[in-house]
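Work through the exercises below with the sequence and the model side by side. Try each task before you read its solution.

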Amino acid sequence: MIYTCYEMARDCRADKPEGWTYFISHYVPVIRKLLEHYRANEPTVEQVLKTLRQPESSLFQSLEPAPERWLAAELRQLVVEQIRRPQAEIPVDLETVSVALEPLTVVEKQVAWLETMDYDAARTGAMMRMAPATVEKIRSRAAELIRSKSDVWRATILGDNGYNLGRAAAAAGTKECYPVRDFLDVIDGRTTWPHRERMTGHVTACWHCVDHFCRMVEVVDLLRGIKLLSEAESEPYRGALGIAAGKQSKPWMRLFRGARASH
Ligand SMILES: [Zn+2]
């Protein structure tokens, strides 16, 4: 029998060692990549794990079967929330960004938004399947548009305000917003043309959905080629949580497509 992500969530919710052992080997690499990308000194991986294990943590609360990318996306939000970021010297709010970037297409908005998530032109190009030079061109246009709408401005304004803009966008969801599944269908190329057209019509005017789409692109990128922790690598994290070694590290329990346990 294959131990699934759903069973892991159920076992973590019940605070069983097998759930946490599996979570540590599969998701600590994701947490590490996030903390590294967002250049966080705080929290540490151990602090993140301890927070996730609190009874009030929302990560394992859903009783729906949770596909791994959905869980990774939830995890991303919880990790980023814990990262302390300095206030931007020149603040800009979502309203201003939204008005300024109105002339951009959906894809151009996504490219601009990935800058708030600290992705440079090269990484953004790889994530959005376009040339880095195109990313830079779109970003200079976005910068000019924002500059025209703000009294004070600097080139790094989107990145500097990334944390607050991300929070504002995440909180701005509406009933019309699309669920995770639709964004993953677009990323996986499974969307029909009419559905994609309808989605574009909504997303082009909705920064909540632009942000959500970008976060899913990020998660897919994060999970690509992730290496699971070996028993020995997992041990210190289990120790930090006071969890005895479980029995869930068989190769056929690999959660991520193409992922390999490092021995
Ligand atoms: Zn929306």
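This is a predicted model: local features need pLDDT of at least 70, side-chain atom pairs count only at pLDDT 80 or more; totals for chains, interfaces and linings use all residues.

Residues are numbered from 1 along each chain as its sequence is written, and side-chain values use heavy atoms, without hydrogens and water.

**Exercise 1.** Find which atoms coordinate the zinc ion, and name the arrangement.

Solution. 
- Step 1: list the donors (N, O and S atoms within 2.8 Å of the metal, or 3.2 Å for Na, K and Ca; water is not among the atoms, so sites may look incomplete). They are Cys 177 (SG), His 202 (NE2), Cys 206 (SG) and Cys 209 (SG), at 2.1 to 2.3 Å.
- Step 2: check the angles. Four donors count as tetrahedral if all angles lie between 85 and 135 degrees. Here they subtend 101 to 117°, so the arrangement is tetrahedral.
- Step 3: read the spacing in sequence. It is C-x24-H-x3-C-x2-C.

**Exercise 2.** Decide whether Cys 209 is buried or exposed.

Solution. 
- Step 1: recall the cut-offs. Buried means under 20% relative accessible area, exposed over 50%, partly exposed in between (1.4 Å probe, protein chains only).
- Step 2: apply them. Cys 209 has 0%, so this residue is buried. Cys 177, at 16%, also counts as buried.

**Exercise 3.** Determine whether Ser 25 is buried or exposed, and find what it touches.

Solution. 
- Step 1: Ser 25 has a relative accessible area of 8%, so it is buried.
- Step 2: look for contacts (heavy atoms within 4.5 Å). Leaving aside neighbours within four places in sequence, Ser 25 contacts Leu 228, Leu 229 and Ser 234.

Terms used. Four donors count as tetrahedral if all angles lie between 85 and 135 degrees; four count as square planar and six as octahedral if opposite donors are over 155 degrees apart and all others between 65 and 115; anything else is irregular.
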